[in-house]
Amino acid sequence: MSTDVGLPSLAPVQPPPAPPNERHSSRRRAVSGRLAGLVLAIAVVAVVALLSLAVGAKPIPLGTVVHELFQPSGSDDAGIVRGLRIPRTLLGLAVGAALGLAGALMQALTRNPLADPGLLGVNAGAAAAVVTAIGLLGVTSPIGYVWFALLGAALAATVVYLLGSGGRGTATAVRLTLAGTAITAALTGYISGLVLLDPRAFDGYRFWSVGSLAGRDLSVLAAVGPFLLAGAVCALALARPLNALALGEESGRSLGAHLGRTRGVGVLAVTLLCGAATAALGPIAFVGLTVPHVARALVGPDQRWILPYSMVLAPILLLGADVIGRMIARPGEVEVGIVTAFVGAPVLVALVRRTRMAHP
(Lines give C-alpha, C1' and ligand atoms only; values in the text may rest on other atoms or scores of the structure.)
Protein backbone atom coordinates (compact mmCIF):
# COMPACT_ATOMS: atom_id res chain seq x y z
CA MET A 1 0.00 0.00 0.00
CA SER A 2 1.36 3.37 -0.96
CA THR A 3 2.15 5.58 2.00
CA ASP A 4 2.61 8.89 0.18
CA VAL A 5 -0.97 9.44 -0.85
CA GLY A 6 -2.20 12.84 0.22
CA LEU A 7 1.22 14.21 1.17
CA PRO A 8 1.96 17.71 -0.14
CA SER A 9 4.41 17.99 -2.99
CA LEU A 10 7.99 18.85 -2.02
CA ALA A 11 8.83 20.51 -5.37
CA PRO A 12 9.79 24.19 -5.01
CA VAL A 13 7.01 26.55 -5.77
CA GLN A 14 7.98 29.29 -8.22
CA PRO A 15 6.79 32.72 -7.17
CA PRO A 16 4.35 34.25 -9.59
CA PRO A 17 5.83 36.87 -11.93
CA ALA A 18 5.52 40.43 -10.78
CA PRO A 19 2.60 42.22 -12.37
CA PRO A 20 3.47 44.80 -15.05
CA ASN A 21 2.53 47.73 -12.85
CA GLU A 22 4.92 46.54 -10.14
CA ARG A 23 7.76 46.13 -12.65
CA HIS A 24 7.17 49.64 -13.97
CA SER A 25 7.12 51.01 -10.44
CA SER A 26 10.42 49.28 -9.62
CA ARG A 27 11.97 50.67 -12.79
CA ARG A 28 10.76 54.17 -11.98
CA ARG A 29 12.19 53.92 -8.46
CA ALA A 30 15.57 52.85 -9.87
CA VAL A 31 15.59 55.74 -12.35
CA SER A 32 14.55 58.18 -9.61
CA GLY A 33 17.34 56.94 -7.36
CA ARG A 34 19.94 57.38 -10.09
CA LEU A 35 18.67 60.85 -10.92
CA ALA A 36 18.82 61.78 -7.25
CA GLY A 37 22.39 60.50 -7.06
CA LEU A 38 23.33 62.54 -10.11
CA VAL A 39 21.82 65.69 -8.59
CA LEU A 40 23.71 65.01 -5.34
CA ALA A 41 26.96 64.60 -7.28
CA ILE A 42 26.35 67.93 -9.06
CA ALA A 43 25.84 69.56 -5.65
CA VAL A 44 29.18 68.13 -4.48
CA VAL A 45 30.81 69.52 -7.63
CA ALA A 46 29.46 72.97 -6.71
CA VAL A 47 30.88 72.70 -3.19
CA VAL A 48 34.31 71.59 -4.45
CA ALA A 49 34.28 74.43 -7.00
CA LEU A 50 33.65 76.95 -4.21
CA LEU A 51 36.53 75.45 -2.23
CA SER A 52 38.72 75.78 -5.31
CA LEU A 53 37.86 79.49 -5.41
CA ALA A 54 38.52 79.97 -1.70
CA VAL A 55 41.67 77.91 -1.04
CA GLY A 56 45.12 79.04 -2.09
CA ALA A 57 48.22 80.91 -1.02
CA LYS A 58 45.80 83.54 0.31
CA PRO A 59 42.72 81.93 1.86
CA ILE A 60 39.50 83.80 1.08
CA PRO A 61 36.31 83.20 3.12
CA LEU A 62 33.49 81.50 1.24
CA GLY A 63 31.18 84.42 1.95
CA THR A 64 33.64 86.77 0.28
CA VAL A 65 33.99 84.41 -2.67
CA VAL A 66 30.22 84.31 -3.24
CA HIS A 67 29.99 88.11 -2.88
CA GLU A 68 32.79 88.68 -5.39
CA LEU A 69 31.17 86.30 -7.87
CA PHE A 70 27.93 88.30 -8.02
CA GLN A 71 29.02 91.77 -6.88
CA PRO A 72 32.70 92.36 -7.68
CA SER A 73 34.18 95.06 -5.50
CA GLY A 74 37.47 95.73 -7.23
CA SER A 75 39.45 94.64 -4.16
CA ASP A 76 42.53 92.42 -4.10
CA ASP A 77 40.29 89.45 -3.26
CA ALA A 78 38.18 90.17 -6.33
CA GLY A 79 41.31 90.21 -8.50
CA ILE A 80 42.45 86.86 -7.11
CA VAL A 81 39.03 85.21 -7.42
CA ARG A 82 38.07 86.53 -10.83
CA GLY A 83 41.50 86.80 -12.43
CA LEU A 84 43.18 83.63 -11.19
CA ARG A 85 40.87 81.16 -9.52
CA ILE A 86 37.77 81.30 -11.72
CA PRO A 87 39.72 80.38 -14.89
CA ARG A 88 41.53 77.65 -12.97
CA THR A 89 38.29 76.22 -11.57
CA LEU A 90 36.42 76.35 -14.88
CA LEU A 91 39.29 74.60 -16.61
CA GLY A 92 39.37 71.95 -13.88
CA LEU A 93 35.63 71.33 -14.29
CA ALA A 94 35.87 71.02 -18.07
CA VAL A 95 39.00 68.86 -18.15
CA GLY A 96 37.79 66.65 -15.28
CA ALA A 97 34.51 65.97 -17.07
CA ALA A 98 36.39 65.18 -20.28
CA LEU A 99 38.80 62.75 -18.60
CA GLY A 100 36.00 60.93 -16.77
CA LEU A 101 33.95 60.60 -19.93
CA ALA A 102 36.96 59.48 -21.98
CA GLY A 103 37.87 56.86 -19.37
CA ALA A 104 34.37 55.38 -19.27
CA LEU A 105 34.24 55.33 -23.06
CA MET A 106 37.67 53.71 -23.36
CA GLN A 107 36.79 50.94 -20.90
CA ALA A 108 33.52 50.27 -22.71
CA LEU A 109 35.14 50.20 -26.17
CA THR A 110 37.90 47.79 -25.17
CA ARG A 111 35.85 45.90 -22.56
CA ASN A 112 38.92 46.23 -20.35
CA PRO A 113 38.36 47.50 -16.79
CA LEU A 114 41.98 48.69 -16.61
CA ALA A 115 41.84 50.75 -19.81
CA ASP A 116 42.93 54.37 -19.56
CA PRO A 117 42.24 57.24 -22.00
CA GLY A 118 45.94 57.27 -22.84
CA LEU A 119 45.72 53.73 -24.15
CA LEU A 120 45.11 54.97 -27.71
CA GLY A 121 48.42 56.83 -27.70
CA VAL A 122 46.66 60.18 -27.28
CA ASN A 123 48.78 61.35 -24.35
CA ALA A 124 52.01 60.27 -26.02
CA GLY A 125 51.03 61.94 -29.29
CA ALA A 126 50.24 65.19 -27.55
CA ALA A 127 53.50 65.11 -25.59
CA ALA A 128 55.55 64.32 -28.69
CA ALA A 129 54.00 67.26 -30.53
CA VAL A 130 54.68 69.64 -27.62
CA VAL A 131 58.31 68.51 -27.42
CA THR A 132 58.69 69.03 -31.17
CA ALA A 133 57.16 72.51 -30.96
CA ILE A 134 59.51 73.50 -28.14
CA GLY A 135 62.67 71.97 -29.55
CA LEU A 136 62.27 72.84 -33.23
CA LEU A 137 59.96 75.87 -33.29
CA GLY A 138 60.75 77.61 -29.99
CA VAL A 139 57.16 77.61 -28.68
CA THR A 140 57.12 78.48 -24.97
CA SER A 141 53.58 79.55 -23.97
CA PRO A 142 50.78 77.22 -22.74
CA ILE A 143 48.37 78.56 -25.38
CA GLY A 144 50.97 77.69 -28.00
CA TYR A 145 51.23 74.13 -26.66
CA VAL A 146 47.49 73.61 -27.08
CA TRP A 147 47.33 73.49 -30.86
CA PHE A 148 50.39 71.30 -31.25
CA ALA A 149 49.16 68.94 -28.55
CA LEU A 150 45.76 68.64 -30.23
CA LEU A 151 47.38 67.92 -33.58
CA GLY A 152 49.74 65.34 -32.09
CA ALA A 153 46.89 63.61 -30.22
CA ALA A 154 44.78 63.42 -33.37
CA LEU A 155 47.63 62.04 -35.49
CA ALA A 156 48.57 59.41 -32.91
CA ALA A 157 44.97 58.25 -32.49
CA THR A 158 44.53 58.07 -36.27
CA VAL A 159 47.63 55.92 -36.66
CA VAL A 160 46.50 53.66 -33.80
CA TYR A 161 43.06 53.26 -35.35
CA LEU A 162 44.51 52.44 -38.79
CA LEU A 163 46.88 49.87 -37.28
CA GLY A 164 44.11 48.46 -35.09
CA SER A 165 41.73 48.07 -38.01
CA GLY A 166 44.27 45.86 -39.77
CA GLY A 167 43.77 47.33 -43.22
CA ARG A 168 40.47 45.88 -44.39
CA GLY A 169 39.49 44.39 -41.05
CA THR A 170 37.57 45.93 -38.20
CA ALA A 171 39.18 47.71 -35.28
CA THR A 172 38.85 45.13 -32.52
CA ALA A 173 39.52 45.89 -28.87
CA VAL A 174 42.69 43.77 -28.78
CA ARG A 175 44.11 45.34 -31.93
CA LEU A 176 43.46 48.87 -30.67
CA THR A 177 45.12 48.08 -27.34
CA LEU A 178 48.23 46.55 -28.95
CA ALA A 179 48.54 49.35 -31.50
CA GLY A 180 48.16 52.00 -28.79
CA THR A 181 50.82 50.36 -26.64
CA ALA A 182 53.26 50.16 -29.55
CA ILE A 183 52.76 53.78 -30.63
CA THR A 184 53.07 55.00 -27.03
CA ALA A 185 56.36 53.14 -26.59
CA ALA A 186 57.78 54.56 -29.83
CA LEU A 187 56.74 58.14 -29.05
CA THR A 188 58.05 57.89 -25.48
CA GLY A 189 61.48 57.01 -26.84
CA TYR A 190 61.34 59.94 -29.26
CA ILE A 191 60.37 62.34 -26.43
CA SER A 192 63.17 61.14 -24.16
CA GLY A 193 65.77 61.47 -26.89
CA LEU A 194 64.72 64.98 -27.86
CA VAL A 195 64.57 66.21 -24.25
CA LEU A 196 68.06 64.92 -23.54
CA LEU A 197 69.52 66.98 -26.41
CA ASP A 198 68.89 70.27 -24.62
CA PRO A 199 67.49 69.89 -21.09
CA ARG A 200 67.32 73.64 -20.41
CA ALA A 201 65.13 74.23 -23.43
CA PHE A 202 62.55 71.83 -22.07
CA ASP A 203 61.92 73.26 -18.62
CA GLY A 204 58.47 74.34 -19.81
CA TYR A 205 57.76 70.86 -21.15
CA ARG A 206 58.73 69.23 -17.86
CA PHE A 207 56.30 71.48 -16.00
CA TRP A 208 53.56 70.77 -18.57
CA SER A 209 54.20 67.02 -18.48
CA VAL A 210 53.52 66.84 -14.72
CA GLY A 211 49.95 68.10 -15.21
CA SER A 212 48.92 71.33 -13.51
CA LEU A 213 46.04 73.80 -13.36
CA ALA A 214 48.36 76.64 -12.39
CA GLY A 215 49.18 79.40 -14.83
CA ARG A 216 46.25 78.73 -17.19
CA ASP A 217 43.82 81.45 -18.15
CA LEU A 218 40.53 81.57 -20.02
CA SER A 219 42.30 81.68 -23.39
CA VAL A 220 43.31 78.04 -22.88
CA LEU A 221 39.72 77.06 -22.09
CA ALA A 222 38.47 78.98 -25.11
CA ALA A 223 40.94 77.10 -27.32
CA VAL A 224 40.04 73.59 -26.13
CA GLY A 225 36.37 74.17 -25.25
CA PRO A 226 34.90 73.42 -28.71
CA PHE A 227 36.85 70.15 -28.92
CA LEU A 228 35.71 69.11 -25.43
CA LEU A 229 32.09 69.89 -26.32
CA ALA A 230 32.22 67.96 -29.60
CA GLY A 231 33.84 64.97 -27.89
CA ALA A 232 31.23 64.97 -25.11
CA VAL A 233 28.37 64.99 -27.63
CA CYS A 234 29.91 62.08 -29.56
CA ALA A 235 30.54 60.08 -26.38
CA LEU A 236 27.06 60.53 -24.90
CA ALA A 237 25.48 59.57 -28.23
CA LEU A 238 27.21 56.16 -28.02
CA ALA A 239 25.53 55.02 -24.79
CA ARG A 240 23.03 52.62 -26.41
CA PRO A 241 25.47 51.10 -28.95
CA LEU A 242 27.98 50.56 -26.14
CA ASN A 243 25.36 48.63 -24.16
CA ALA A 244 24.89 46.38 -27.18
CA LEU A 245 28.66 46.04 -27.64
CA ALA A 246 29.02 44.89 -24.02
CA LEU A 247 26.99 41.75 -24.86
CA GLY A 248 29.59 40.65 -27.40
CA GLU A 249 30.08 41.25 -31.10
CA GLU A 250 27.54 38.70 -32.33
CA SER A 251 24.87 39.79 -29.87
CA GLY A 252 25.61 43.43 -30.63
CA ARG A 253 25.11 42.89 -34.35
CA SER A 254 21.87 41.01 -33.73
CA LEU A 255 20.62 44.02 -31.75
CA GLY A 256 21.34 46.30 -34.68
CA ALA A 257 24.56 47.92 -33.43
CA HIS A 258 27.08 48.90 -36.11
CA LEU A 259 30.28 47.86 -34.35
CA GLY A 260 32.75 49.43 -36.78
CA ARG A 261 30.97 52.77 -36.68
CA THR A 262 30.64 52.61 -32.90
CA ARG A 263 34.36 52.03 -32.45
CA GLY A 264 35.26 54.68 -35.01
CA VAL A 265 33.10 57.35 -33.37
CA GLY A 266 34.37 56.20 -29.97
CA VAL A 267 38.00 56.65 -31.01
CA LEU A 268 37.12 60.10 -32.36
CA ALA A 269 35.42 61.05 -29.08
CA VAL A 270 38.35 59.81 -26.95
CA THR A 271 40.77 61.71 -29.19
CA LEU A 272 38.81 64.96 -28.87
CA LEU A 273 38.25 64.63 -25.12
CA CYS A 274 41.63 63.32 -24.02
CA GLY A 275 43.59 65.28 -26.63
CA ALA A 276 42.04 68.60 -25.64
CA ALA A 277 42.35 67.84 -21.91
CA THR A 278 46.01 66.84 -22.28
CA ALA A 279 46.71 69.89 -24.40
CA ALA A 280 45.27 72.17 -21.72
CA LEU A 281 46.83 70.74 -18.56
CA GLY A 282 49.33 68.10 -19.58
CA PRO A 283 48.87 64.36 -18.92
CA ILE A 284 46.69 63.76 -15.83
CA ALA A 285 46.92 60.16 -14.68
CA PHE A 286 44.31 57.90 -13.08
CA VAL A 287 41.26 60.20 -13.30
CA GLY A 288 39.95 58.42 -16.37
CA LEU A 289 40.84 55.04 -14.86
CA THR A 290 39.29 55.28 -11.40
CA VAL A 291 36.16 57.38 -11.86
CA PRO A 292 34.30 54.99 -14.22
CA HIS A 293 34.68 52.23 -11.63
CA VAL A 294 33.04 54.42 -9.00
CA ALA A 295 30.23 55.24 -11.43
CA ARG A 296 29.77 51.55 -12.28
CA ALA A 297 29.55 50.66 -8.60
CA LEU A 298 26.83 53.28 -8.12
CA VAL A 299 24.61 52.69 -11.15
CA GLY A 300 25.48 49.26 -12.57
CA PRO A 301 26.62 48.39 -16.11
CA ASP A 302 24.23 50.63 -18.06
CA GLN A 303 26.32 53.05 -20.13
CA ARG A 304 23.39 55.49 -20.30
CA TRP A 305 24.14 56.18 -16.62
CA ILE A 306 27.87 55.39 -16.39
CA LEU A 307 28.79 58.08 -18.93
CA PRO A 308 26.97 61.03 -17.28
CA TYR A 309 27.99 59.88 -13.79
CA SER A 310 31.64 59.70 -14.87
CA MET A 311 31.29 63.14 -16.43
CA VAL A 312 30.08 64.58 -13.10
CA LEU A 313 32.24 62.62 -10.65
CA ALA A 314 35.59 63.23 -12.37
CA PRO A 315 35.66 67.01 -11.72
CA ILE A 316 35.19 66.24 -8.02
CA LEU A 317 38.37 64.16 -8.05
CA LEU A 318 40.37 66.60 -10.18
CA LEU A 319 39.38 69.79 -8.36
CA GLY A 320 39.56 68.02 -4.99
CA ALA A 321 43.12 66.92 -5.78
CA ASP A 322 43.99 70.47 -6.84
CA VAL A 323 42.62 71.88 -3.56
CA ILE A 324 44.58 69.30 -1.56
CA GLY A 325 47.74 70.17 -3.48
CA ARG A 326 47.31 73.82 -2.57
CA MET A 327 46.66 73.04 1.10
CA ILE A 328 49.56 70.67 1.81
CA ALA A 329 52.31 72.89 0.37
CA ARG A 330 51.08 76.40 1.22
CA PRO A 331 52.18 79.02 0.20
CA GLY A 332 53.33 76.91 -2.74
CA GLU A 333 51.43 73.97 -4.20
CA VAL A 334 51.79 70.40 -5.39
CA GLU A 335 50.69 69.96 -9.01
CA VAL A 336 47.38 68.22 -9.49
CA GLY A 337 48.93 65.48 -11.64
CA ILE A 338 51.10 64.39 -8.71
CA VAL A 339 48.16 64.34 -6.27
CA THR A 340 45.94 62.31 -8.60
CA ALA A 341 48.79 59.83 -9.06
CA PHE A 342 49.00 59.32 -5.29
CA VAL A 343 45.22 58.87 -5.12
CA GLY A 344 44.93 56.65 -8.17
CA ALA A 345 47.86 54.30 -7.68
CA PRO A 346 46.30 52.42 -4.71
CA VAL A 347 43.04 52.19 -6.65
CA LEU A 348 44.87 50.66 -9.61
CA VAL A 349 46.55 48.10 -7.35
CA ALA A 350 43.17 47.19 -5.84
CA LEU A 351 41.62 46.80 -9.29
CA VAL A 352 44.44 44.55 -10.49
CA ARG A 353 44.17 42.39 -7.36
CA ARG A 354 40.39 42.10 -7.76
CA THR A 355 40.79 41.18 -11.43
CA ARG A 356 43.33 38.47 -10.58
CA MET A 357 41.04 37.05 -7.89
CA ALA A 358 38.11 36.99 -10.31
CA HIS A 359 40.24 35.38 -13.07
CA PRO A 360 43.01 33.37 -11.38
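Student: Which residues line the largest cavity?
Tutor: Leu-99, Asp-116, Pro-117, Asn-123, Cys-274, Thr-278, Ile-284 and Gly-288 line the largest cavity. A cavity is a set of points, on a 1 Å grid over the protein atoms alone, where a 1.4 Å probe fits but cannot get out, and lining residues have an atom within 4 Å of a point. This is a predicted model: local features need pLDDT of at least 70, side-chain atom pairs count only at pLDDT 80 or more, and totals for chains, interfaces and linings use all residues. Residues are numbered from 1 along each chain as its sequence is written, and side-chain values use heavy atoms, without hydrogens or water.

Student: How much space lies in the largest cavity?
Tutor: About 50 Å³, counted as the space filled by probe spheres set on the grid points, which are joined across faces, edges and corners.

Student: Now α4. Where does it run?
Tutor: Helix α4 covers residues 122-137. Helices here are DSSP runs (H or I, at least four residues), numbered from the N terminus.

Student: Why is α4 largely enclosed?
Tutor: Because 12 of its 16 residues are buried, meaning under 20% relative accessible area with a 1.4 Å probe, protein chains only. Among them are Val-122, Ala-126 and Ile-134. Asn-123 is also buried, and it is one of the residues lining the largest cavity.

Student: And just after α4?
Tutor: Gly-138 takes a positive phi of about 75° there.

Student: How many helices and strands does the chain have?
Tutor: The protein chain has 14 helices and zero strands. Of its 360 residues, 45% are buried.

Technical notes: 1 Å grid on protein atoms, 1.4 Å probe; cavity = no way out; pocket = protein on both sides within 12 Å on 5 of 7 lines; lining within 4 Å. Helix = DSSP H or I, 4+ residues; strand = E, 2+ residues; numbered from the N terminus. Expected span 1.5 Å × (residues − 1). Buried < 20%, exposed > 50% of the residue type's maximum accessible area, 1.4 Å probe, protein only.
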